[in-house]
Amino acid sequence: MRRTLIALVLCTLPTALPAAAKESDSYIAFAEGKYLTALDLAAKEAEAGSKEAYTLIGEIYSGGLGVAQDYAKAADAYAKAADLGDSNAQFSLGLLVAEGNGVRKDPRIAADLFEHAAKEGNPAAQYNLALFYLNGRGRPADEAKAAEWMTKAAEQGNPQAQYDLGAFYQFGRGVPIDKEKAALWTGQASDGGLSAAQVEYATMLFKGEGVEKDEKRAAQLFLIAAEKGNPVAQNRLARLYANGVVYEPNTVKAAKWHILAREAGVSDFSLDIMLAKLSKEERVEAEREVDAWEAGRLTE
Amino acid sequence: MADAKPTCRLYLQIPAHLTAKLESQLTQALAHVAPACVLLHGNGQAVEKVPTDRLIDLVQGAGVACLIENDIDVAERLGADGVHIPADPDLCARARALLGESANIGAACGLDGHAAMQLAEAGADYVAFGLSDGTIDHANQCTELLAWWSEIFVVPCVAWNVESVAQAVQFAEAGADFIAPPPTVWQSDAAVALITDIDKAIRGARRLA
């Protein structure tokens, strides 16, 4: 697979609500899904000066939870919490400003907000700040700084950041090319359950690139990602079955995974040719397995 | 037991001389359909004489296999996925020797079933039936050949230079595994629409048993 270096999509990593705030009545109501009660309670707590309460109000309005979605109100609440120094609010406000939701779009201010929160150790903010430096959005393009912030986010255990940092080492973006480190971080992201990372790491294991060659482990990862619906993994698995690599040759299984990958847009002329060579019985069997997989992923 | 769904696929041919218009048409086409492969066509000229790197990158970058017409050495040098060659068993053997097991090697068999058998024997990955200047007679002959071939042989068959949706459906129903519109298809301003229509039609086509 050609690994492309990070399409710039603003990535909202799940915002961890601060532990201390979880004790408050508003957060308890929020956790129970009683959003209107939570909003009432938060309004009172906010008046009493709780920055976390403002953040919660922002979450409720930006998510449209129990109320109509209202980015302007969300931005207003986040801004108050951000002024009081809440890093989750700084990050969330940064996202609204970056997208121009409820406020005027301004990449530079978004980057400032991310930077505040990133310095407080917010991993989602660190990740997005890294992307801003990488793409020269709201900041002058600076790959070294991108790598620096990406490392901080990755070290906090976020699979997406680990995967992207792996790509930095693979392509030498902001850091010297280092195949071992590329494999290490991609492997961590793979352990974290990110399908794209599993496919990439499996490819490294297959080639023995930056990590000791292990075709069996590679095949296992392709299978895991294929079952989750990753079309590249499905294509690679089909090739293994078609060519009898790791697995015994099995044209029906090869056809099943190829058809699924094909439907998801991964083309493979050799497997098309294999598919055309199947007997009618084999083809029917493969289609049956495809239907079963799509119906609920019941087989395997 | 349910009938197997047809697996007929689109096979694109494009002149290797890339113009801005062609490039834009191909990019659009690849956004709308996922062909099995794209064949770079020399239009009577050796593909070698044409700068094809960019075109190969465009096709392979879209995740689609890229084949070269006739020239085995060029295919090898440019890292193409295979070749489409005249029906000559010796040439087929040479292509296999040079390009390896994983390469896709196809043979243009015109309306010659005997040649197709020889090429299948020689290890071709597909055989293509059809002429460059097809008439209705030829179309009927081609339909018969495709039906006969797909009934008896395992090696996939391509319906060559298919110019219309109706013809594409006819060939798909007869048993063609791939439908290849001609390289001249791009001359029309409606090329992308036609290709998209053919793709849609052959996916929905039912093979007549």
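Helices here are DSSP runs of H or I with at least four residues, and strands are runs of E with at least two. Keep that in mind as you look around this predicted model.

**Stop 1: chain A**

Select chain A and colour by secondary structure. You will find 17 helices and zero strands. The C-alpha trace spans about 75 × 45 × 30 Å. Now colour by burial. Of the 300 residues in chain A, 51% are buried. Next, look at contacts between residues at least 6 apart in the sequence of chain A. Residues at least 24 apart account for 49% of them.

**Stop 2: a helix pair in chain A**

Two packed helices are described by the angle between their axes and the distance between the axes. Select residues 215-227 of chain A, which form helix α13, and residues 231-243 of chain A, which form helix α14. At what angle do these helices pack? The angle is about 130°, and the axes are 8 Å apart. The crossing is left-handed.

Now show side chains. On α13(A), pick Ala219(A), Phe222(A), Leu223(A), Ala225(A) and Ala226(A). On α14(A), pick Ala233(A), Gln234(A), Arg236(A), Leu237(A) and Leu240(A). These residues make the contact between the two helices. By type, the contact of α13(A) with α14(A) has eight nonpolar residues, one polar and one charged.

**Stop 3: chain B**

Hide chain A and select chain B. How many helices and strands does chain B have? There are eight helices and eight strands. Along the principal axes, the C-alpha atoms of chain B fill a box of roughly 45 × 40 × 35 Å. A compact globule of 209 residues would have a radius of gyration near 17 Å, and the 16 Å of chain B agrees with that. Colour chain B by burial: 48% of its 209 residues count as buried. Then take contacts in chain B between residues at least 6 apart in sequence. Of these, 58% join residues at least 24 apart.

**Stop 4: where the chains meet**

Bring chain A back. Select the residues of each chain that touch the other. On chain B, 20 residues are in contact with 14 residues of chain A. What kinds of residue make up the side of chain B that touches chain A? Eleven are nonpolar, four are polar and five are charged. Colour that side of chain B by residue type to see the nonpolar, polar and charged groups.

Conventions:
Residues numbered from 1 in each chain as written. Chains lettered and ligands numbered in written order. Predicted model: local features only at pLDDT ≥ 70, side-chain atom pairs only at ≥ 80, totals over all residues. Contact = placed C-beta atoms within 7 Å. Nonpolar A, V, L, I, M, F, W, Y, C, P; charged D, E, K, R; others polar. Rg over C-alpha atoms; globule rule 2.2 N^0.38 Å. Buried ≥ 20, exposed ≤ 12 C-beta atoms within 10 Å, placed from the backbone. Axes fitted to C-alpha atoms, helices over the stretch in contact; angles between N-to-C directions. Left-handed = near helix turned anticlockwise from the far one by under 90°.
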